[in-house]
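Please look at the sequence and the model together, and keep both in view while reading the report that follows.

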Amino acid sequence: MFQNFEFLNPQFLWLLLGIPVLAVWYFFTQNKDNATLTIPTTKGFETSPSILSKLKPLLYILRLLALTLLIVALARPRNVSVSKRTKTNKGIDIVMAIDVSASMLARDLKPNRLEALKKVATEFVNERPNDRIGIVVYAGESFTRTPITSDKRIIRKTISEIKWGELDGGTAIGMGLGSAVNRLKESKAKSKVIILLTDGVNNTGFVDPKTATELAIGLGIKVYTIGLGTNGTASFPYAQDPKTGKLLFRNSPVEIDENLLQYIAKETGGKYFRATDNTKLKAIYNEINKLEKTEIEEFKYYNYQEQYRFLVLLAGLLIVIEIILKHTIFRSFI
């Protein structure tokens, strides 16, 4: 209720401590305000007490209330409403290069590597409302699924539709990185970033990963690389059942070209990560999200609604009522 309420001059509220003092003072001195007459006996004056005499302290109460209201008014109570407007000073263009080779169906992450990645990547997109993002997928070849855009709805839809089997087999890391670099070469953003994820080794494609890395360096593009897969062995698809068309799985060693991924990250000023399970994959994207911060300038507009005027009017009304009562109803008692 009082979330947007404040006092401009709260130091005046200390004066309220004097109100109880005045009340106590009146209690001990009120009899001195009445004239006294000394006589041998009061039997001839005995009458039932008048209610007006009992209500006489009401006048002082009205005065204390009026004083209280004036003190609160001096403290300048007011309601504050704040409107905000943000302006992005340094936007970031990000391209996520995602490996969609058959090994991404391995089950060392739940339910598999590709589905685990899609969930984390979607959360990452949701946390970058002020940046433009593009999606590149690659296996034996690569292509752009979505050019760089600020429309997060399109990005989320693209990620949800990524699936295995759209490209020839193999893992062409150089082509995936090259396509991502090509997406960013015309970017005017202050910061350009590629998040390159793979779960294998570069074994095909006509673009050398080191050549693609040199292109990224020349364009000032930072590359974060992620090796996806557990240590040891994992359940990989190796064939399809000819009758049902279902994939057949068997345990095989996990092979990730970490030396290459470390080289790409180091040369471009990025960082290499290893995601061995769902939790670590999420933590990696959270860390990248923290490392690449978009500078946002926030403007706040304050609207003040003063409340002291009503208190002053109410205090004035109480004073007027006291004066009227003092010179009419309670005149004979004062």
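## Asp99 and its surroundings

Leaving aside residues up to four places away in sequence, Asp99 touches Met104, Leu114, Tyr138, Thr171, Leu197, Thr198, Asp199 and Gly200. This is a predicted model, and within it Asp99 has its place in strand S3. Is Asp99 buried or exposed? Its relative accessibility is 0%, so Asp99 counts as buried, given that buried means under 20% relative accessible area.

The side chain of Asp99 is joined to the side chain of Ser101 by a polar contact of 2.8 Å, and a polar atom of the Asp99 side chain lies 3.5 Å from the backbone nitrogen of Asp199. Asp99 and Gly176 are 77 residues apart along the chain, yet their C-alpha atoms are separated by 7.8 Å.

## Two other buried aspartates

Asp199 is found in the loop between strand S6 and helix H7, which covers residues 209-218. With a relative accessible area of 3%, Asp199 is buried, and its side chain makes a polar contact of 2.7 Å with the side chain of Arg113. When its neighbours within four places in sequence are left aside, Asp199 is in contact with Asp99, Ser101, Ser103, Met104, Arg113, Leu228, Glu255 and Ile256.

Asp131 is found in the loop between helix H4 and strand S4, and at 3% relative accessibility Asp131 counts as buried. A polar contact of 2.8 Å links the side chain of Asp131 with the side chain of Arg128. Beyond its neighbours within four places in sequence, Asp131 is in contact with Gly91, Ile92, Ile94, Thr149, Ser150, Lys152 and Thr294.

## The chain as a whole

The chain has ten helices and eleven strands, and buried residues make up 38% of its 334 residues. Among contacts in the chain with a separation of 6 or more, 80% are between residues 24 or more positions apart. The chain exposes about 19600 Å², and carbon and sulfur atoms supply 56% of that area.

In soluble globular proteins, nonpolar side chains tend to be buried together. In this model the largest nonpolar core has 34 residues, and those with the most contacts inside it are Met96, Ile135, Ile195, Ile226, Leu281 and Tyr285. At least two residues of this core come from each of several elements, including strand S3 (92-99), helix H4 (113-126), strand S4 (132-138), strand S6 (191-198) and helix H9 (278-291). Which element gives the most to this core? Helix H4 does, with seven residues.

Tyr285 shows which residues meet in this part of the model: not counting residues up to four places away in sequence, Tyr285 touches Met96, Leu117, Val120, Phe124, Ile195, Leu197 and Ile226. A second, separate core has 26 residues, among them Ala106, Ile173, Ala234 and Ala265.

## Helix H6

How far apart should the ends of helix H6 be? Helix H6 covers residues 173-184, and at 1.5 Å a residue its twelve residues should span 16 Å, which agrees with the 17 Å between its end C-alpha atoms.

The buried residues of H6 are Ile173, Gly174, Met175, Gly176, Leu177, Ser179, Ala180, Val181 and Leu184.

## Two backbone details

Most residues other than glycine have a negative phi, and most peptide bonds are trans. Arg76, however, has a phi near 55°, a positive value in a residue other than glycine. Arg76 has its place in the loop between helix H3 (57-74) and strand S2 (77-90), and with a relative accessible area of 25% Arg76 is partly exposed.

The peptide bond that joins Lys110 and Pro111 is cis, with an omega of about -5°. Pro111 lies in the loop between S3 and H4.

## Annotated transmembrane regions

An unreviewed UniProt entry carries the annotation "transmembrane region" for residues 12-28, 58-75 and 310-330. In the model, residues 12-28 are 65% helix and 0% strand, and the end C-alpha atoms of this span lie 27 Å apart. Residues 310-330 are 81% helix and 0% strand, with end C-alpha atoms 28 Å apart.

Note on methods: Residues are numbered from 1 along each chain as its sequence is written. This is a predicted model: local features need pLDDT of at least 70, side-chain atom pairs count only at pLDDT 80 or more; totals for chains, interfaces and linings use all residues. Side-chain values use heavy atoms; hydrogens and water are left out. Helices (H or I, at least four residues) and strands (E, at least two) are DSSP runs, numbered from the N terminus. Buried means under 20% relative accessible area, exposed over 50%, partly exposed in between (1.4 Å probe, protein chains only). Contact means heavy atoms within 4.5 Å. Accessible areas come from the Shrake-Rupley method with a 1.4 Å probe; for residues, only the protein chains shown count as cover. A nonpolar core is a set of buried Ala, Val, Leu, Ile, Met, Phe, Trp, Tyr and Cys residues joined through side-chain atoms within 4.5 Å. UniProt positions are given in the numbering used here, feature names are shortened, and annotations may be inferred rather than shown by experiment. The expected span of a helix is 1.5 Å times one less than its number of residues. A polar contact is a pair of N or O atoms within 3.5 Å; within protein, one must be able to donate a hydrogen and the other to accept it, and residues adjacent in sequence count only if both atoms are side-chain atoms.
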